[in-house]
Amino acid sequence: MDALDLLRSLTVIPAPPGQEGELAAELERLVSEMGLMSEQDAKGNVLVRLGRSHPKIVVTAHMDEIAMLVRRIHPDGTLSVTSLGGLYPWKLGEGPVDILASSGDIAGVLGFGSIHTNDPSSRAQRAREAPLDWPSASVFTGREADELVELGVRPGTRVVVARSRRQIVEVGSHVAGYFLDDRADLVSWLLALERLGEVDGVVFAATSAEEVGGEGAQYLMHKLHPEICIALELGPIVPDAPSAITAEPSVWVNDSYSAPAASDLDLLAQIASEIDISLQFQAFSRGGSDASCAASRGLCARPFTLGLPMENSHGFEIMHEDAMEQLAALTVALIKRLT
């Protein structure tokens, strides 16, 4: 498998929380091409079980992306939306979106109004005076409200960045695009699964609804209660947990939910040295992963969160083109040590 080709193919597929089915089907197809079996559980997680023993280790990468949710359909056919996951309007700006109606995708345009006014009631004027937020946003559909309802649009319908904006851009030795969190980690997940070989007691899980509280992973962990969860994530570039946008993986030493044992951090450092990979250890003041959320609720004993160093998190994200390969190599080495 070629990492960049995989990344391009996965980022074009919309997968908002609670509507990851198209991406799940593509992952199942790729897993089948490896000669492995997969299944989906009631929460929509894609599971690949390795060996026959009760799973000691679960390796996760989440399928869902931050998105928008329809709150209201106005009589003129415009939509009021809010965030689904940690999406901020200033991270997207104006541009095309896809409304994932039950009848099929409907084109729309996310906008914030015209700027040629000082009228205090205008959205543009409010944006000059306060942070841009979702009450200032609307989605233009070019359709009447009744037509939208007939097409299956209602409060709760997901709205995502249009497929036309989901292209990967190459910038020197780096790549950039929307939803590298967590599609790039799904690439590492697939590469690790392909290269791992014979192991027992391991489940690879492509999880649902991570961006809205780690729901998919927690549902799974309640059923499996593994000893170890390894979450493949981003490693955001932030001033209070400095790192660089290189190929070297990030290791989360703590976040808003939990912190791995010091001995497990030592283990990662030892393994990385043995396979000639450098690590970037980061202590985060905000955030969470499938592993840390599960650990905070007693659903696993040993959380590991391994990340791809990434700038512009939850926006047009940037990472090193070789980072996916190094994260896959670290993941394989860690699993082999733990099994």
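User: In which crossing, left-handed or right-handed, does helix 8 pass helix 10?
Analyst: Helix 8 passes helix 10 in a right-handed crossing, where right-handed means that the near helix is turned clockwise from the far one by less than a right angle, and left-handed means anticlockwise. This is a predicted model, in which local features need pLDDT of at least 70 and side-chain atom pairs count only at pLDDT 80 or more, while totals for chains, interfaces and linings use all residues. Residues are numbered from 1 along each chain as its sequence is written, and side-chain values use heavy atoms, with hydrogens and water left out.

User: At what angle do helix 8 and helix 10 pack?
Analyst: Helix 8 (residues 262-274) and helix 10 (residues 323-338) pack at about 120 degrees, and their axes are 10 Å apart. The axes are lines fitted to C-alpha atoms, for helices over the stretch in contact, and angles run from 0 to 180 degrees between N-to-C directions. Helices (H or I, at least four residues) and strands (E, at least two) are DSSP runs numbered from the N terminus.

User: Which residues of helix 8 and helix 10 meet?
Analyst: From helix 8, L267, L268, Q270, I271, A272 and E274 meet L330, A333, L334, R337 and L338 of helix 10, with contact taken as heavy atoms within 4.5 Å. By class, this contact has eight nonpolar, one polar and two charged residues, where Ala, Val, Leu, Ile, Met, Phe, Trp, Tyr, Cys and Pro count as nonpolar, Asp, Glu, Lys and Arg as charged, and the others, Gly among them, as polar.

User: And which strands does helix 10 lie across?
Analyst: Helix 10 lies across strand 3, strand 12 (202-207), strand 13 and strand 16, and its direction makes about 165 degrees with strand 16. Helix 8 lies across strand 14, strand 15 and strand 16, running at about 50 degrees to strand 16.

User: What is the order of the open sheet of eight strands?
Analyst: The order is 1-2-12-3-13-16-14-15, and the pairing is mixed; two strands pair if DSSP finds at least two bridges between them. At the edges are strand 1 (39-40) and strand 15 (280-283), each of which pairs on one side only. Within this sheet, strand 3 (residues 57-62) and strand 13 pair in the parallel sense over four bridges, and V59 stands opposite I230 in strand 13.

User: Which peptide bond is cis?
Analyst: The bond from D181 to D182 is cis, with omega near 20 degrees, and D182 is found in helix 6. F179, in the loop between strand 11 and helix 6, has a positive phi of about 65 degrees although F179 is not a glycine.

User: How much space lies in the largest cavity, and which residues line the largest cavity?
Analyst: The largest cavity holds about 60 Å³ of space. On a 1 Å grid over the protein atoms alone, a cavity is a set of points where a 1.4 Å probe fits but cannot get out, a pocket is an open set with protein on both sides within 12 Å along at least five of seven lines, and lining residues have an atom within 4 Å of a point. Grid points are joined across faces, edges and corners, and a volume is the space filled by probe spheres set on the points.

User: What volume has the largest pocket?
Analyst: Its volume is about 790 Å³, and 32 residues line the largest pocket, of which R286, G287, G288, S313 and H314 lie nearest its centre. By class, that lining has 12 nonpolar, 12 polar and eight charged residues, and its largest share, three residues, comes from strand 13.
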